[in-house]
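Colleague: I would like to learn how to read helix packing from a set of coordinates. Could you take me through one chain, giving the general idea before each case?

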Amino acid sequence: GYTCLCSRCRYERLDSSCRRRVSVSDECDSDKDGNAMPVDGNKATVGNLSFYWKKIKALGDLAMQQGRHEDAEELYSIVLKSKPSNGDCLHARAASYLERGMYCKSQQLW
């Protein structure tokens with residue numbers, strides 16, 4: 001069988017310990033998107049843990065649209081580790097707290 005190498009599939013295959021080590025870069029990993037690779041049973045090779053930051057932000061936006069606010073906060077935080085002044089991610093992370101009823105924390109970020 002084969003598995004997709006797009007950013008979303010690569011990220012979703014990571015376990016929680018790997019997700020904490022994800023980093024973002026300014027370089028697009030489009031050469032990986034849309035490609036498929038063979039898998040060994042149920043194990044997929046994830047490769048390096050660096051993602052194009054705009055794709056991680058887009059995954060955060062998707063999580064917000066789907067009501068997965070905790071996942072969205074995690075994704076926005078990944079981007080903010082290397083781009084701490086990114087206004088879109090700061091605003092979106094605050095919205096993720098607001099949607100979970102964490103009003104004080106949300107207001108601090110705005």
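This is a predicted model: local features need pLDDT of at least 70, side-chain atom pairs count only at pLDDT 80 or more; totals for chains, interfaces and linings use all residues.

Colleague: How many helices and strands does the chain have, and in what order do the elements run?

Modeller: The secondary structure comes to 6 helices and 4 strands, and from the N terminus on the order is β-α-α-β-β-β-α-α-α-α.

Colleague: Is Phe51 buried or exposed?

Modeller: A residue counts as buried under 20% relative accessible area, and Phe51, with a relative accessible area of 0%, is therefore buried. Phe51 also lies 8.6 Å from Asp26, C-alpha to C-alpha, although 25 residues separate Phe51 and Asp26 in sequence. For the chain as a whole, buried residues make up 37% of the 110 residues, and of the contacts with a separation of 6 or more, 61% are between residues 24 or more positions apart.

Colleague: What span should helix α4 have, and how far apart are its end C-alpha atoms?

Modeller: The 14 residues of α4, residues 69-82, should span 20 Å at 1.5 Å a residue, and the end C-alpha atoms are 21 Å apart, which agrees. The 13 residues of α5 likewise reach 18 Å from the first C-alpha to the last, close to the 18 Å expected.

Colleague: Which elements do the buried residues of α4 pack against?

Modeller: The buried residues of α4, among them Ala72, Leu75, Tyr76 and Ile78, pack against α1, α2, β2, α3 and α5. For α5, whose buried residues include Cys89, Ala92 and Arg93, the cover includes α3, α4 and α6.

Colleague: How should I describe a pair of packed helices, and at what angle do α3 and α4 cross?

Modeller: Two packed helices are described by the angle between their axes and the distance between the axes. The axes of α3 and α4 come within 8 Å and cross at roughly 160 degrees, and that makes α3 roughly antiparallel to α4. The crossing of α3 and α4 is left-handed. On the α3 side the contact is made by residues including Trp53, Ile56, Leu59 and Met64, and on the α4 side by residues including His69, Ala72, Leu75 and Val79; by class, the residues of this contact divide into 10 nonpolar, 2 polar and 3 charged.

Colleague: Which residues is His69 in contact with, leaving aside its neighbours within four places in sequence?

Modeller: His69, which is placed in helix α4, is in contact with Ala63, Met64, Ser96, Glu99 and Arg100 once those neighbours are left aside. Arg100 is 31 residues away from His69 in sequence, yet the C-alpha atoms of His69 and Arg100 are 7.0 Å apart in space. At 15% relative accessibility, His69 counts as buried.

Note on methods
Residues are numbered from 1 along each chain as its sequence is written. Side-chain values use heavy atoms; hydrogens and water are left out. Helices (H or I, at least four residues) and strands (E, at least two) are DSSP runs, numbered from the N terminus. The expected span of a helix is 1.5 Å times one less than its number of residues. Buried means under 20% relative accessible area, exposed over 50%, partly exposed in between (1.4 Å probe, protein chains only). Contact means heavy atoms within 4.5 Å. Axes are lines fitted to C-alpha atoms, for helices over the stretch in contact, and angles run from 0 to 180 degrees between N-to-C directions. Angles under 35 degrees count as roughly parallel, over 145 as roughly antiparallel, 65 to 115 as roughly perpendicular and the rest as oblique. A crossing is left-handed if the near helix is turned anticlockwise from the far one by less than a right angle, and right-handed if clockwise. Ala, Val, Leu, Ile, Met, Phe, Trp, Tyr, Cys and Pro count as nonpolar, Asp, Glu, Lys and Arg as charged, and the others, Gly among them, as polar.
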